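Work through the following exercises with the model open. Each task is followed by a solution in steps.

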Amino acid sequence: MRRLILFLLSAALSLVALAQNPKHEMRDNLRLSGSNFLAYPGPGTKSLTPPPDGQQPFYLSHYGRHGSRYMASPREYDYAYDVLRKAGEQGKLTALGRDVLERLVFLRDEVSERYGDLTPLGAEQMRGIAARMVERFPEVFEDDATIDARSTTVRRCILSMTNALLQMTALNPKLRISCDASGGMHYLHYTDRELLQHTRSIRSNEAYADFCKEHSCWQRPMTALFSDTAYMNRALSPERLNYYLFRLAGSLQNHEARKHITFYDLYTDDELYENWLTVNAYWFLGYSFTPLTGGVQPYSQRYLLRQIIAEADSCIRHPHPGATLRFGHDTALMPLVCLMDIDGYGQVIDRLDDAAKRGWVDYRISPMAANVQLVFYRKAPDDDDVLVKVLLNEHEATLPLPDDLAPYYRWADFREHYLQMLDNFDKQANK
């Protein structure tokens, strides 16, 4: 009997591991191969863990990526179109190639002059996230609670903030809302150029080039577009064409064109996965603690984390502090998640081949509208024993702190751990 129980437990754990494997996840949902273009999947129906007896939510601190957007540059849409148009004019396209060109014509018309803008789906995502904040933590947003919202000066972020605040106002017109998009709030999207140099080192560039070569899979899908392979190899870079078409395939899920066309039919499941691996490795090199890029990249968001802690320290002194909302970009959110080691994303991984295998998966960290929420709990306004829970994309997540109350953690442990970590980094950097 005991052997049977152990066998069933082992089988169940194997199934869980299988379900978490990106390759198997993508076979069930091709959109996951879009990496950071994944349209926000939402939290699902899993309920949150009730807080310890007597604890009530009273403050929420948030950093969120903007909602779904169009790709930021005309080149993203024009490159493949220009290549296939020229080939078509010379009679070098297959029937599939001509069909793909027609899709590109439709897509370019649909996105014209909207580069980088928030899409209708992006606005819907932001309203949904805001509504769930109010629904899940009503005590934070009751009566005339103060909502302090801030955004980078990028238009899609400002509109993301606007949609979230409009939704909150619709649910509670009494809220006292202030918002700002000043360029002076550099912590919302700080770029550390000194750390960035490590991502462009000879070592990291060679590692990435070797990884991309190992997982190269453009040959079949790109050859299928051209009736003359000699022309394809002579007149263009099929590898670069694959890069742009794969990006289009993933990004299409974020705007209305998704209802009419697709580019996923160009690829097999395995080809989607291999292409995704190279994109995941790119984000991994840029924002994880891997020694390949100096093992320090997440510290680019040290000012953001300090700001979050300082504002929380100030807000929790008040009886009804409300919420602090921040709207920015994946290039801040992803390293912030790694810096805080949320759900183990701060782990040190030496090899690019091991990143996805060990669970470093970009679309789980930073899809469109990705967000980190810190929800604070206490028994009464004069209660000094404050607890905090972290949500990553609205799912309860873990922190590298004493876990006897997990997914709730003591705020004293939180601030001591992270401030000490940041102080140690600053001391090393100033030597």
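A crossing is called left-handed if the near helix is turned anticlockwise from the far one by less than a right angle, and right-handed if it is turned clockwise. The model used here is predicted.

**Exercise 1.** Describe how helices α13 and α17 pack against each other.

Step 1. Locate the helices: α13 covers residues 302-315 and α17 covers residues 411-429.
Step 2. Take the geometry. The two axes come within 11 Å and cross at roughly 145 degrees. The crossing of α13 and α17 is left-handed.
Step 3. List the residues that make the contact. From α13 these are R302, L305, R306, I309, A312 and D313. From α17 they are W411, F414, R415, Y418, L419, L422, D423, F425 and D426.
Step 4. Sort the contact by class: 9 residues are nonpolar, 6 are charged and none is polar.

**Exercise 2.** Find how many disulfides the model has, and explain the state of C179.

Step 1. Apply the cut-off: a disulfide needs a pair of cysteine sulfur atoms within 2.5 Å. The count comes to 0 disulfides.
Step 2. For C179, the closest cysteine sulfur is that of C157, 14 Å away, so the distance is too far for a bond.
Step 3. Compare the surroundings of the two cysteines. C157 counts as buried because its relative accessibility is 0%, whereas C179, at 51%, counts as exposed.

**Exercise 3.** Where is H320 found, and which residues does H320 touch?

Step 1. H320 is found in the loop between α13 and β4, the latter covering 322-328.
Step 2. The relative accessible area of H320 is 25%, so this residue is partly exposed.
Step 3. Not counting residues up to four places away in sequence, H320 touches E139, V140, E142, A145 and R378.
Step 4. For a distance along the chain, take N371, which is 51 residues from H320; their C-alpha atoms are separated by 23 Å.

Conventions:
Residues numbered from 1 in each chain as written. Predicted model: local features only at pLDDT ≥ 70, side-chain atom pairs only at ≥ 80, totals over all residues. Heavy atoms only, no water. Axes fitted to C-alpha atoms, helices over the stretch in contact; angles between N-to-C directions. Helix = DSSP H or I, 4+ residues; strand = E, 2+ residues; numbered from the N terminus. Contact = heavy atoms within 4.5 Å. Nonpolar A, V, L, I, M, F, W, Y, C, P; charged D, E, K, R; others polar. Buried < 20%, exposed > 50% of the residue type's maximum accessible area, 1.4 Å probe, protein only.
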